[in-house]
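Student: I would like to understand how the words used for a structure follow from its values. Could we go through some of them together, with the definitions beside us?

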Amino acid sequence: MSLEAYDYFLPEELIAQEGVEPRDAARMLVVYREGLFRAEHRQVRDLPEYLRPGDVLVFNESKVIPARLLAQRPTGGRVEVLLVRERTPGLWEALVGPGRKAKPGTRLRFLSPRDLRVVPHLEAEVVGVEEGGVRVLRFQGDLMAHLEEVGEVPLPPYIKTKIPPERYQTVYAKRPGSVAAPTAGLHFTPELLSRLRGMGVELRFLSLHVGPGTFRPVKGDPEEHEMHPEPYEIPEETAEAINRAKEEGRRVVAVGTTVVRALESAFREGMGVVPGMGETRLFIRPPYAFRVIDGLFTNFHLPRSTLIMLVAAFLGYERTMEAYRLAVAERYRFYSLGDAMLIL
């Protein structure tokens with residue numbers, strides 16, 4: 001299917017610039033994978049009405065780190081650094097702009113974003129340049145100990161307003177490592193989680209650290225698009241709960257596309273979801289045979305993105321584009337801080 005097939009018209013004013021409060025007051029478009037196309041207009045707080053006791057709801061508990069850094073070169077010139085992932089302790093992949101100012105051997109000192117002073121005891125050297133212009137940085141000093149001081153939470157480029165960093169974090173975020181929020185989870189409140197537990201829904205957690213590839217548009221033929229690797233970890237109790245539910249005919253519902261990719265990557269025929277750590281480059285697009293999930297709670301995604309293609313693989317292409325047209329007509333709010341869609 002061509003890239004143009006995933007275009008849709010979106011008025012700019014429907015791109016959400018701030019989150020709804022309380023979080024579960026966001027709107028929720030409910031759509032179904034089978035039968036005639038039908039949709040229901042609800043709010044996220046109504047989610048318990050659509051789930052059953054015994055359903056397993058799976059969340060990504062990765063925490064967004066302040067991954068955007070401002071650095072100074074020996075000449076005094078400045079570059080912006082976006083951390084991508086840690087390969088080994090102290091060795092990070094990063095995007096640096098402008099890249100021509102960060103050749104191998106360049107030493108960087110880091111500035112406080114609040115007063116632009118040089119932060120002592122933290123430096124890095126560019127030790128390599130890889131495919132796509134990714135820089136490899138070796139840090140001297142404890143980066144994680146200084147990260148809150150030197151870093152800022154990176155927001156998607158379509159968010160033009162300043163929002164509190166905690167608003168771009170799920171209420172259950174636990175494992176630091178993402179440079180972008182697993183945004184479907186931004187809709188949940190402690191009260192909603194408590195209601196779901198109280199009605200017998202199993203809440204299970206995994207982590208997939210979201211990289212900047214989540215913002216990377218697909219260009220040209222989708223068949224040739226490569227995903228950046230993203231690390232994930234699935235606890236044993238999560239894998240056991242999912243596999244037990246599948247054996248007993250109970251539903252597994254993913255909160256967000258990152259959960260889908262982690263679970264589908266960890267699935268092994270005859271074994272089910274295998275616990276442990278891994279790395280995924282999985283690009284899910286039509287046609288795709290899902291092995292794990294029975295439902296998906298997600299946001300409204302960018303045109304031509306890998307995320308809308310994943311939704312189309314699960315819901316069906318025609319139904320997905322119809323749902324998006326309906327969401328625009330009903331003036332739902334789109335992207336990271338926008339409204340939600342529940343697919344059952």
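Student: Which residues of helix α2 are buried, and what makes them count as buried?

Tutor: In helix α2, which spans residues 190-198, the buried residues are L192, L193 and L196. Buried means under 20% relative accessible area, exposed means over 50%, and partly exposed is in between, using a 1.4 Å probe and protein chains only. Helices are DSSP runs of H or I with at least four residues, strands are runs of E with at least two, and both are numbered from the N terminus. This is a predicted model, in which local features need pLDDT of at least 70 and side-chain atom pairs count only at pLDDT 80 or more, while totals for chains, interfaces and linings use all residues. Residues are numbered from 1 along each chain as its sequence is written, and side-chain values use heavy atoms, with hydrogens and water left out.

Student: What do the buried residues of α2 pack against?

Tutor: They pack against β3 (56-60) and β13 (202-208), where contact means heavy atoms within 4.5 Å.

Student: Why is the pair of R175 and E61 called a salt bridge?

Tutor: A salt bridge is a side-chain nitrogen of Lys or Arg within 4 Å of a carboxyl oxygen of Asp or Glu. The closest N and O atoms of R175 and E61 are 3.1 Å apart, so the pair is a salt bridge. The pair links distant parts of the chain, with R175 in strand β12 (residues 175-178) and E61 in the loop between β3 and β4 (62-64), 114 residues apart.

Student: Are R175 and E61 buried or partly exposed?

Tutor: R175 has 33% relative accessibility and therefore counts as partly exposed, whereas E61, at 8%, counts as buried.

Student: What does the salt bridge between E125 and R107 tie together?

Tutor: The closest N and O atoms of E125 and R107 are 3.5 Å apart. E125 lies in strand β9 (residues 118-129) and R107 in strand β8 (residues 107-111), so the pair ties together parts that are 18 residues apart in sequence. At 25% relative accessibility E125 counts as partly exposed, and R107 counts as partly exposed at 35%.

Student: Which residues touch the most other members of the largest nonpolar core?

Tutor: A nonpolar core is a set of buried Ala, Val, Leu, Ile, Met, Phe, Trp, Tyr and Cys residues joined through side-chain atoms within 4.5 Å. The largest one has 66 residues, of which Y8, L263, I293, L296, F334 and M341 touch the most other members. Helix α5 (residues 306-315) gives the most to this core, with 8 residues. Apart from it lies another core, of 25 residues, among them A26, V44, V253 and L342.

Student: What makes helix α4 mostly covered?

Tutor: Helix α4 (residues 257-266) is described as mostly covered, with 10 of its 10 residues buried; they include T257, R261, L263 and E264.
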